[in-house]
Amino acid sequence: EKREVQSEPIDVSVKGKPKISGFSVKSELVVKTGEDATIEVEFCANPKPKQTWNIGPVGSDGNSVELNSRTRHGRFVVDHLIDTEVRDCYVASLRILGVHPSDSRSYPLELVNEHGRDEYSVKLVVINTAVSQEIFIAIVVGGILTILLFSLIIIYLVKADKCCNVQEKKMSESDKTDVESCHSSTVSGHTDKTVIPPD
């Protein structure tokens, strides 16, 4: 006869230092000036570690500033660690509100628990759209001025050409009148002399 004994369920828990997943984490984030940037780093650890973001030198004093969970410094905000669908895995995030070109740099994250630590840096690239708009406006204005200048040159050349044609017409008409007047004077005078018109 077969007998079975069931014991209480055993909960197996793996403990370890934080481990950042290099495959699912971006090493660079590109945003436009004025947009909000969210830098996210996914990792696994047990127990849940303490996160520390180094936001670099902020302000006039030039001292490096570090932020932990649920802290804020000006436009820089660090939220709580977010649980993922995988057990003991989380997402650390740093939000930068209304980014400036001066925010372009690397933002290191340090994760520490009782079993060890891990670090990861994400580079933020801020595209200065104000310069792009200025260049675009300069190109449009330059194009319009060039078209206007060419139009004025063409109008001038067309008018100048008409003036020249009018003078040539006047000259050729006056030559005709001279010839006709010579011819008419010959006919009206009934002379036998033939007058040769001048060249």
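Predicted model: local features only at pLDDT ≥ 70, side-chain atom pairs only at ≥ 80, totals over all residues.
**View A. A nonpolar patch on the surface, with I144 among its members.** Here you can find F136, I137, V140, V141, I144, L145, L148, L152 and I155, which form a nonpolar patch on the surface. Together these residues have about 880 Å² of accessible area.

**View B. The largest pocket and its lining.** A friendly word on the idea behind this view: rolling a probe the size of a water molecule over the atoms shows where empty space is left. In the largest pocket, that space comes to about 190 Å³. The elements that give two or more residues to its lining are β2 (28-32) and β3 (37-46). Of the elements, β3 gives the most, with 5 residues. The residues to look for around the pocket are S24, V25, K26, E28, L29, T38, I39, E40, V41, E42, V91 and V122. Sorted by class, the lining has 6 nonpolar, 4 charged and 2 polar residues.

**View C. The salt bridge between R75 and D103.** Before zooming in, recall that side chains of opposite charge can pair when their charged atoms come close. The count for this model comes to 4 salt bridges. In the one shown here, the closest N and O atoms of R75 and D103 are 2.9 Å apart. R75 sits in the loop between β6 (71-73) and β7 (76-78), and D103 in the loop between β9 (89-96) and β10 (105-113), so this pair ties together parts that are 28 residues apart in sequence. Are the two partners buried or exposed? R75 is partly exposed, at 25% relative accessible area, whereas D103 is buried, at 2% relative accessibility.

**View D. R95 meets D79.** The side chains of R95 and D79 form a salt bridge, with 2.9 Å from N to O. This pair links distant parts of the chain, as R95 is in strand β9 and D79 is in the loop between β7 and β8 (82-83), 16 residues apart. R95 is partly exposed, with a relative accessible area of 30%. D79 is partly exposed too, with a value of 25%.

**View E. A salt-bridge network of E110, R117 and E119.** Start with R117 and E110, whose side chains meet in a salt bridge at 2.5 Å, N to O. Salt bridges that share partners then join E110, R117 and E119 into one network. For R117, the relative accessible area is 42%, which makes this residue partly exposed. E110 counts as partly exposed as well, at 26% relative accessibility.

**View F. Two glycines, G59 and G74.** Which loop holds G59? The answer is the loop between β4 (50-57) and β5 (64-67). With a relative accessible area of 60%, G59 is exposed. G74 is 15 residues from G59 along the chain, and the C-alpha atoms of the two are separated by 9.4 Å.

How values were computed. Residues numbered from 1 in each chain as written. Heavy atoms only, no water. 1 Å grid on protein atoms, 1.4 Å probe; cavity = no way out; pocket = protein on both sides within 12 Å on 5 of 7 lines; lining within 4 Å. Points joined across faces, edges and corners; volume = space filled by probe spheres on them. Helix = DSSP H or I, 4+ residues; strand = E, 2+ residues; numbered from the N terminus. Nonpolar A, V, L, I, M, F, W, Y, C, P; charged D, E, K, R; others polar. Patch = residues over 30% accessible without salt bridge, like charges linked within 9 Å, V, L, I, M, F, W, Y side chains within 5 Å. Areas by Shrake-Rupley, 256 points an atom, 1.4 Å probe, with all protein chains shown as cover. Buried < 20%, exposed > 50% of the residue type's maximum accessible area, 1.4 Å probe, protein only.
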